[in-house]
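Please look at the sequence and the fold shown here. The paragraphs that follow go through sheets and helix contacts in turn.

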Amino acid sequence: MKLRNLILSSVAAATFLSCSTTTDPQPYEGSITQIPFNQVSLQDDFWLPRLNTQKRTLVPFSLEKTAYAVDNLRRVGAYLRGEKVTKPLEGPYYVASDLFKVMEGAAYLLTLEKDEALERQMDEIIDVIAAAQAPDGYLYEHHIMPPHLRNPRNRAGEKPYTYVDHSHELYNMGHMYEGAVAYYRATGKRKWLDVAEKNAKHINKVFFEGDPAYNDGKPVMRAPGHEEIELALVKLHQATGEQLYLDMAQKFLDIRGVTYSPQGEGVQTPDYAQQHQPVRDQREAVGHSVRAMYLYSGMADVVAFAGDETMQPALDAIWHDIVDRKMHITGGLGAVAGLEKFGPAYVLPNMETYDETCAAVGNVFFNYRMFLMSGDAKYLDVAEVALYNNVLAGVNLAGNRFFYVNPLETDGERKFNHGTAGRAEWFSTACCPSNLARLIPQVSGMIYSHAEDNIYCGFYIGSETSVPMAGGNVTLKQQTAYPFDGNISIEVTPQSEGEEFTLWLRVPTWSGEKFVPGELYDYADENGAKVVARINGRKVRSEVVNGFIPVRREWKAGDRVELELPMPVRYSVADERVEADRDRVCITRGPLVFCAEEPDNAEQVSGYVVDKVGEQGSIAPFAEGIMKGIPTITIDASNSPLKLIPYYSWNNRGDGTAMNVWFKTANAE
């Protein structure tokens, strides 16, 4: 079955100077399997320190901040056991989801390195979760507790599943499933996974079969207002092999916008939770951006794992709507503040934008799934830009202060970040810090993937892994200083000498005519340089296919593949319809967006005029301090030098600092 319609960048067959081959490399027409994070060893200076920060700071800090969610669950367990409970639940009705996300991140860290104390802490929390589950599988604090012990500020409906639009009952459970699967994979322990499966079977009965204890025995047949359970059910299916969970994911997608559509204003508009149309009829990215990205991720999963190609036209159109009309150059989504929504086409403000960190996390999830579904590198290119820019900007270098909102310009005074003019220690709605806790450890699982006799190198990160192939495992050892340097070396060692397969090397969009796929942004300079691939020192001559250089040969132990991705300083301009960026340029290098921050510059950073578009300037890393090793770019601008730093690294030297991404040119009024 063909799961995609592949478009080749060239119809010419690939030929190679360094090897002979019996067949020309052809794109694989089916879903692709990733090499999981726990089977990839990181050995680089960019991501490995971040994992150490996750382990040392971010995850413990986040577990401490979500401890009251554990206390809520503990009170629910006591109530179910018949014990006297007097203290009401604390916090919002979705707080358990933040706990589950942090626990998912902790599970990934346990996979990477044994930690008996952390595992013991996880087991203790899992015991509390299991005790808070009702006998029939229901697990939601607000509705298990009697009214006088609920938080009166929470609007979650009077009874279970009566306010599916905004109760977050299914959203919480989706994040619990993801955490339970991660912990099962990390430790082999089933207790939390059993809780998740019991709940999933309960939900299937209530929503699709009918349960006398809920909704008068009639199937609820309503999709959740906050998507998440759809993609989580696919993960549960992958971990257990149970077909029911994949079927449930598809059913929730099938009924969205069919069995129910809300009517009202604000969060009750039909498109806020993408309930305005059946998913197969949707063609634009609308509504709450995080909910939307989780929905689209679930749809891509169902295409890949259930072979439901009927969703593909919707996914293709939605993807183009995002990258052609609604995405910031940082990979940020959801430009409209207040309702955290996608805005109208080309409305992409800089200072007033929203670009929630969670939406960028969703952008990574969605595009990575689109790659696995299709084999097209353009999706990895979008995921990479979102990851290295908007996502990483969401947490400081120390791992303990966060952005919920990610503007592209600040004046140092406006309190853009939920009441602060810089990073915050935490938020009352803590979805962003907890999402960072679980995404960053998963990055190693996005580097390599495979299908039949094809191995894909999607992200360039110093690492080592073993890929299962027909003739035995193939060991790959990658060395690189990416994203600061574009030289990549991969040593290939097949278990079976002379095994033939294709190694696909991604050629990022940023190395060509534009920084990121889509029609929104184009380079305004002529600084491009040729990408070069070599095998054992000899150049490879190949046409780029779906964003990859395919290298097919009979491999021998110690074969070395080298890829040179030149990283000149580039200048991007936006589509003229993006009013905020008209007559302005954004400066990038490799996959990184650069910005100017107040501590490095003598003048107001938004006032600089870049009148030498194309100038390479000088590149030098910080020599000391929290920014040590991070590169800077210095160029001439207006009447003084302009110093730039990677966007992800801004606001690490004190709050209340001005910052700017898009700079005026000589044409600006």
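Which strands does α13 lie across? Helix α13 lies across β9 (499–506) and β13, and runs at about 45° to β9. Helices (DSSP runs of H or I, at least four residues) and strands (runs of E, at least two) are numbered from the N terminus. Axes are lines fitted to C-alpha atoms, for helices over the stretch in contact, and angles run from 0 to 180 degrees between N-to-C directions.

This is a predicted model, in which local features need pLDDT of at least 70 and side-chain atom pairs count only at pLDDT 80 or more, while totals for chains, interfaces and linings use all residues. Residues are numbered from 1 along each chain as its sequence is written, and side-chain values use heavy atoms, with hydrogens and water left out. The pLDDT is the predictor's confidence in each residue, from 0 to 100. The protein chain averages a pLDDT of 93, and 96% of the residues score at least 70. Over residues 1–23 the pLDDT is below 50, and this stretch has 71 contacts in the model beyond near neighbours in sequence; contact means heavy atoms within 4.5 Å.

Strands β9 and β13 belong to an open sheet of five strands, ordered β1-β4-β5-β9-β13, with mixed pairing. Two strands pair if DSSP finds at least two bridges between them. At the edges are β1 (33–34) and β13 (548–555), each pairing on one side only. Within the sheet, β4 (residues 448–451) and β5 (residues 454–457) run antiparallel and are joined by four bridges. One of the bridge pairs is Ala-451 with Asn-454 in β5. Helix α12 (residues 357–374) also packs on this sheet, where it touches β1, β4, β5 and β13, and its direction makes about 25° with that of β4.

A second open sheet has seven strands in the order β2-β6-β7-β8-β14-β11-β12, and its pairing is antiparallel. Its edge strands are β2 (40–42) and β12 (538–539), each of which pairs on one side only. Strands β8 (residues 487–494) and β14 (residues 559–564) pair over six bridges, and Ile-490 has Val-561 in β14 as its bridge partner.

Helix α10 (residues 289–306) and α12 have axes that come within 8 Å and cross at roughly 15°. That angle makes α10 roughly parallel to α12, a term for angles under 35 degrees; over 145 counts as roughly antiparallel, 65 to 115 as roughly perpendicular and the rest as oblique. The residues of this contact divide into 13 nonpolar, four polar and two charged. Here Ala, Val, Leu, Ile, Met, Phe, Trp, Tyr, Cys and Pro count as nonpolar, Asp, Glu, Lys and Arg as charged, and the others, Gly among them, as polar.

For α13 the partner is α11 (residues 312–326): the two axes come within 13 Å and cross at roughly 45°. That makes α11 oblique to α13. In this contact, Asp-316, Trp-319, His-320 and Val-323 of α11 meet Lys-378, Tyr-379 and Val-382 of α13. These residues divide into four nonpolar, one polar and two charged.

Another helix pair is α6 (residues 169–187) with α7 (residues 191–209), packed at an angle of about 145° with axes 8 Å apart. The α6 side of the contact includes Leu-170 and Met-173, and the α7 side includes Trp-192 and Leu-193. The residues of the contact of α6 with α7 divide into 15 nonpolar, two polar and no charged.
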